[in-house]
Amino acid sequence: MIHNQIIQNIQLLKNDFSTSYSIKTKTEIFTEKLFYTLFDGNASLEESIAELEILFKEISSIACHKPNDLCDSIWEKYLATLPSVLEKLNQDARYILENDPASNSLEEVYLAYPGFYAIAIYRLSHELYALDLLLFSRLMSEYAHRITGTDIHAGATIASPFFIDHATGIVIGETTVIEKNVKIYQGVTLGALSITKEMKNSKRHPTVEEDVCIYANATILGGTTIIGKGSIIGGNSWVTKSIPANSIVTNTTTTEVKVKEKK
């Protein structure tokens, strides 16, 4: 009796849930299949794209809140974006190769760089976001977050080429704008100064102009905060106001060396 009562109680509490958990697993499979299709030289494009279409329509049948005919047509729109996305990602990969002394080949960047993987899944999820498949895009970006430790909201606007090094701990908010030739290191946050639901449709996150380098663990906050072109933001810096072009921002610390007395 107790067992049946527990089941009934759980069922009552689940009555408001319309979630189909399978969408999460299917999105993860779709994400890996999509990355494989774009970056494995041996992948059969015709076969892989046919498989991706089936997965996409299974996911969009749950995630798309439009009439069925509109949901079905979204795949063709998404497919049409893939050549331009791949072009940007090839630019990103070359930029990483050119700027990271530890990188040895494009193959290494494609296969072994979590920063590149995070950028790739951002660009692919951003196209879903633009097509108003918000849950689909969020699940894809959260999968990349789990794999790489980098949290890039699919709604962010990021030009190419873009370089993320080491990846872990980076957070880039929904209304962030990043122009081309920007380098970001581990632990960087591009976030909001404050968060309320009323701010949903406002610009909450910073703008980073061209040729900016942001070093590890820097925090930059606010929708009106602009990091001017060519600037360098030093590690552990805290920035909540706009920085002029060609600036250097540093977090100054004092180091004291204790000298041991000789006995």
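I looked up the largest pocket and found that H7 gives the largest share of its lining, three residues. I took helices (H or I, at least four residues) and strands (E, at least two) as DSSP runs, numbered from the N terminus. The model is predicted, so I read local features at pLDDT of at least 70 and side-chain atom pairs at 80 or more, with totals for chains, interfaces and linings over all residues. Residues are numbered from 1 along each chain, and side-chain values use heavy atoms, without hydrogens and water.

Largest pocket. I noted a volume of about 360 Å³. A pocket here is an open set of points on a 1 Å grid where a 1.4 Å probe fits, with protein on both sides within 12 Å along at least five of seven lines; lining residues have an atom within 4 Å of a point. Its lining has 20 residues, with His 153, Gly 173, Glu 174, Arg 204 and His 205 nearest the centre. Two or more lining residues come from each of helix H7 (134-148), strand S1 (151-152), strand S4 (171-172) and strand S7 (189-191).

Second largest pocket. I read about 150 Å³ of space. Among the lining residues are Ser 18, Tyr 21, Lys 24, His 65 and Leu 139. Helix H2 (22-39) and H7 each supply at least two of the lining residues.

Surface. I checked Ile 2, which sits in helix H1 (residues 2-13). Ile 2 counts as exposed, because its relative accessible area is 66% and the cut-off is over 50% (1.4 Å probe, protein chains only).

Key:
Grid points are joined across faces, edges and corners, and a volume is the space filled by probe spheres set on the points. Buried means under 20% relative accessible area, exposed over 50%, partly exposed in between (1.4 Å probe, protein chains only).
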